[in-house]
Amino acid sequence: MENTAHALRIDGRRLWDSLMEMARIGATPAGGCNRQALTDEDREGRDLFVGWCREIGCEIRVDRMGNIFVRRQGADAELPPVVTGSHLDTQPTGGKFDGVYGVLAGLEVLRTLEDNGIQTEAPLELVVWTNEEGARFSPAMIGSGVWAGEFSLEYGHNRADKAGKTLGAELERIGYLGEAPAEPHPITAAFETHIEQGPILEMQDEVVGVVTGVQGIRWYDVTFHGTPCHAGPTPMADRRDPVQALSHLCERLYSEVKAYSDDARMTCGDLRAEPGSRNTVPEKVVLALDLRHPEPEGLEHLHRTLYRLAEQVQEATGTTIDVREEWHSPPVQFDRGCIEAVDGAVKALGYSHRQMVSGAGHDSVYVSRVAPVSMIFVPCAGGLSHNEKESAEPDHLEAGCNVLLHAMLERAGV
Ligand code: HGY
Ligand code: MN
Ligand code: MN
Ligand code: MN
């Protein structure tokens, strides 16, 4: 890399200001962001982002899944692009940085190159992936998942939210049902920058995480069937109350997951009773369950434990329990060459760092199916994310973006 490129640094103040301007879209009273996939807020955020990219002369392409591809030409247009990107959609009580940081760090890299009149050999691409969170449309990362060939376009378009609105119809409604095929194209290398969303970097007082992979994730809808009846006259012994079976299964599953390994994760983030009336014993209760483990055999063990315990609780209570697997994202190892590009950039820039596996899922999981990719983490306060209090230090965000700049330059050539 030429000397001028080595000396390049991004504009941390501009990055921070862009993050704060984007955070105003879907801002919540508690200081977070609610910009769920394909809502009006998501469209507003996408429009703001596309406007910023047009200001620096980039080409914009939107595919059939609403994924936005921003291209900055390279000296050799034939070379496959070096790619970065993440997501603009948030959890319902999300923060200002999850996903958005990766998108706007990529924009800051493009702005910095534009300011300094630097053209890379290979083209650069910045991507906004649709519905990474999976909060509105399950499963998560479905924009990158369809693009990488994990799911069909039809499956992606037919996913519906709790109100029965489909992803395809919502893409059309907000004007982001693009023409480009949602299919992979050759990529030289890809990098995603993200807050860690866990406590390790902050606890260890390190600035950058060189991410070597992502733990495995499995999602299930567990349905407990009961008999609706009146909360008053019906004697307890005469009820078929699905909540009792739910409580038995959760208690046993929590204790077995904790006993199995410190790396195992179990989350019951979404629970709904139908008909959902306080004075009617539910006809059914549906538990949206999230299980995770960094090793394939660990994830398989959690999977088998869930089915075994559901069987036992069904026997013991007489409540019919249906377990339906909604999504399975196996553990992923990132590309050695991309990890080394990040590692080299961190060392050249002199930031304290460590190698680590991501506890959260990211679009890079699916990008890794079709291209060499790795990720760059920076700390977030208290490791807190998927929480309106999510926060990060401007100088950490700046550091992560400088690492992204130099890792991309190393692979794109200047
Ligand atoms: O679920 C996850 O880990 C990510 O936030 N979609
Ligand atoms: Mn994210
Ligand atoms: Mn998230
Ligand atoms: Mn992500």
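## Ground rules

The model is predicted, so local features need pLDDT of at least 70 and side-chain atom pairs count only at pLDDT 80 or more, while totals for chains, interfaces and linings use all residues. Residues are numbered from 1 along each chain as its sequence is written, chains are lettered from A and ligands numbered from 1 in the order in which they are written, and side-chain values use heavy atoms, with hydrogens and water left out.

## The manganese site

Let's start with the metals. Donors here are N, O and S atoms within 2.8 Å of the metal (3.2 Å for Na, K and Ca); water is not among the atoms, so sites may look incomplete.

Asp-98 bridges two manganese ions, ligand 2 and ligand 3, which lie 3.5 Å apart. Both His-87 and Asp-98 sit in the loop between β3 (82-86) and α4 (100-115), so the pair ties together parts that are 11 residues apart in sequence. Helices (H or I, at least four residues) and strands (E, at least two) are DSSP runs, numbered from the N terminus. His-87 and Asp-98 are buried, where buried means under 20% relative accessible area, exposed over 50% and partly exposed in between (1.4 Å probe, protein chains only).

Which residues surround ligand 1? They are Glu-132, Glu-133, Ala-140, Arg-292, Ala-360, Gly-361 and His-386, each with a heavy atom within 4 Å of the ligand. By class, this shell has two nonpolar, two polar and three charged residues. In this scheme Ala, Val, Leu, Ile, Met, Phe, Trp, Tyr, Cys and Pro count as nonpolar, Asp, Glu, Lys and Arg as charged, and the others, Gly among them, as polar.

His-386 lies in the loop between β13 (373-378) and α13 (394-412) and is partly exposed at 40% relative accessibility.

## An annotated domain

UniProt, in an unreviewed entry, places the feature "domain: Peptidase M20 dimerisation" at residues 213-314; such annotations may be inferred rather than shown by experiment. Over residues 213-314 the chain is 37% helix and 31% strand, with the end C-alpha atoms 37 Å apart.

## Other backbone features

Where are the cis peptide bonds? One joins Ser-138 and Pro-139, with omega about 0°, and Pro-139 lies in the loop between β4 (124-128) and α5 (142-147). Another joins Glu-274 and Pro-275, with omega about 10°; Pro-275 is in the loop between β8 (265-274) and β9 (284-293).

Asp-205 has a positive phi of about 55° without being a glycine. Asp-205 belongs to the loop between α8 (200-203) and β6 (208-214) and is exposed, with a relative accessible area of 66%.
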